Amino acid sequence: MKNKQASIPRQELEKIDLMYSMNQFHDAIKYIKILNEKFPNQSLLFNLIGACYKGIGQLDGAVQMFRIAVSINPKYAEAFFNLGATLQALDQKDDAVENYQKAIDIIPNYPDAHNNLGNTLLDLGQIDSAIESLEWAVAYKHDFAEAYNNLGNAYNDSGKPDKAIENFKKAISYNPSYEKALFNLALVFKDLGNREEFVENIEKALALNPSWGHAHYHLSRVKNYKKNDPQINQIKQALKSENLKSIDLIGLNFALSKVYEDLENHKEQFKYLNEANSLRKKELNYSIERDQKLFSRIKETFNNPPFEINFTKFKIKSIKPIFIVGMPRSGTSLVHQILDSHSEVKGLGELNNINKFVVPLLKSFNKEKVECFSETQLLTLRKQYLDSLPISESNENIVVDKMPLNFRYIGFILSCFPEAKVIHMNRDPMATCWSIFKYEFRGNSYSFNQEDIASYFGLYSDLMNFWRGIFPGKIYDLCYEDLTSNQEEETQKLLAHCELDWDEKCLNFQDNKTAVKTTSSMQVRKKMYQGSSEAWKKYQNYLQPLIKGLNYK
């Protein structure tokens, strides 16, 4: 350990080091307390006992000890680093950033601090700052595999898959057994539609960690299993492993469900599918009442629609957004690729930005009980969103945000962006809901139970009718089945609504190389095909709760 003070005998510190290295944290704590009486007011001892508290999971106690250490010695970089790491573990990210920065101010050449700072900034959505910190980490430590992996994630989030691939490969070159980097590299290739490279890298990750259920799940989504596929036994063996993480247990069940779907054994398919979904629902402790309250609050905020905003008060950017909304699995990725294929359009994928900026507004509205949002609040929301877009003025100025769940915030979108186009995807309700149930949508809490999905679809339909009533003629409804049946005609109408000239490339969207970070990343690399909305019918006996919940005829 660093910063050893001469007043404490070396053999005493070595004894603590040994206990710490052997995970004998409780014994180490007792011993450090004895030393603390002999050598009071030693920042090193408070740092050491903080590390031991962290080792036994007493994070609040660890924070307290690290704070004492840095109060005694304000130049103690390692203690600031440890404090930052503990605060990060407690999800107190802003405080973690502050303490990592203090450690770096004391020791600029501190690669671990730069790495952790970059990773925390990435979690906070400050991608450019995260990249800068991570670049410093690898500059100070050229073989820092973990930092290269984190840098790959940052570049991937910033929409630069080539740079992401470059950094994941560097991570692997310095640590060939780095399974996480192999997995992340595989997912970038999946987003790019490169099936061969995806499979090669995810199989390398699974060779290192055969029980990695989440990796098995991702591989299962691109495979068509035959009876003697060796991966089937690998998944079954992995399912027998002890101490599986929840995410892996769920992933293995989803993967086996896909296996039996391909083998056309519906009984086994639904056995594993129902198990996967019930495990995830239990883990989330989800109740539909949570979304019922959210949707009710959203509608309340627009019972008195915001007034017309005077945008002359605000600097208007040249960026014109197109929002594609709807339920997941309704065709939003397909339409995103069609529009992104246009020479004047830049597709930005699924952005969580609107949700991030609207949620605080909803909370403030609920507390203050005002009649409607102020002009200042809406102008601020507009500025926050436009400033957050990963695009420069030199790029295409028409951008596409295809976050499906933005349907919840159409009122905010049309109030803040009168120049925006809102494309709402309609698809057969059973096709949509069945597809949601069969995939693992980790971010959508309602999607792991047939009754919940049906109830959520009802909330969605009601809210869409509410928006149409407030903003008549402002929402363009596009039917997925019509698009797949009459591709050219529907594409022409779509482009006309978006005030775009005809571009032949929009018909050949499957040739578009843009990364697609959704479940549909491989599907949108294929030509338009029909019939997918009928696939659920062969599973009718297993989907009765969904059929009844939707009142489907």
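This is a predicted model: local features need pLDDT of at least 70, side-chain atom pairs count only at pLDDT 80 or more; totals for chains, interfaces and linings use all residues.
**Helix pair H7 and H8**

Two packed helices are described by the angle between their axes and the distance between the axes. Helix H7 spans residues 111–123 and helix H8 spans residues 127–140. Their axes are 8 Å apart and meet at an angle of about 160°. Because angles over 145 degrees count as roughly antiparallel, H7 is roughly antiparallel to H8. The crossing of H7 with H8 is left-handed. On the H7 side the contact is made by Pro 111, His 114, Asn 115, Leu 117, Gly 118, Asn 119, Leu 121 and Leu 122. On the H8 side Ile 127, Ser 129, Ala 130, Ser 133, Leu 134, Trp 136, Ala 137 and Tyr 140 take part. By residue class, this contact of H7 with H8 holds 10 nonpolar and six polar residues, with no charged ones.

**Cysteines**

A disulfide is a covalent bond between the sulfur atoms of two cysteines. The structure holds zero disulfides. Cys 506 is accordingly in no disulfide, and the nearest cysteine sulfur, that of Cys 498, is 9.7 Å away. A disulfide would need the two sulfur atoms within 2.5 Å. Cys 506 has 0% relative accessibility and counts as buried. Cys 416 is also buried, at 0% relative accessibility.

Glu 419 sits in the loop that runs between helix H21 (410–416) and strand E4 (421–426). Apart from neighbours within four places in sequence, the contacts of Glu 419 are Ile 319, Lys 320, Pro 321 and Arg 382. One of these, Lys 320, is 99 residues from Glu 419 in sequence, yet the two C-alpha atoms are 6.5 Å apart in space.

Leu 279 belongs to helix H16, residues 266–284. With neighbours within four places in sequence left aside, Leu 279 is in contact with Leu 249, Ile 250 and Asn 253. Leu 219 is 60 residues from Leu 279 along the chain, and their C-alpha atoms are separated by 20 Å.

The relative accessibility of the residues discussed above is listed here.

| Residue | Relative accessibility | Class |
|---|---|---|
| Cys 416 | 0% | buried |
| Cys 506 | 0% | buried |
| Glu 419 | 25% | partly exposed |
| Leu 279 | 24% | partly exposed |

Buried means under 20% relative accessible area and exposed means over 50%. Glu 419 at 25% falls between these limits and is therefore partly exposed. Leu 279 at 24% is partly exposed for the reason that its value also lies in between.

Conventions:
Residues are numbered from 1 along each chain as its sequence is written. Side-chain values use heavy atoms; hydrogens and water are left out. Buried means under 20% relative accessible area, exposed over 50%, partly exposed in between (1.4 Å probe, protein chains only). Axes are lines fitted to C-alpha atoms, for helices over the stretch in contact, and angles run from 0 to 180 degrees between N-to-C directions. Helices (H or I, at least four residues) and strands (E, at least two) are DSSP runs, numbered from the N terminus. Angles under 35 degrees count as roughly parallel, over 145 as roughly antiparallel, 65 to 115 as roughly perpendicular and the rest as oblique. A crossing is left-handed if the near helix is turned anticlockwise from the far one by less than a right angle, and right-handed if clockwise. Contact means heavy atoms within 4.5 Å. Ala, Val, Leu, Ile, Met, Phe, Trp, Tyr, Cys and Pro count as nonpolar, Asp, Glu, Lys and Arg as charged, and the others, Gly among them, as polar.
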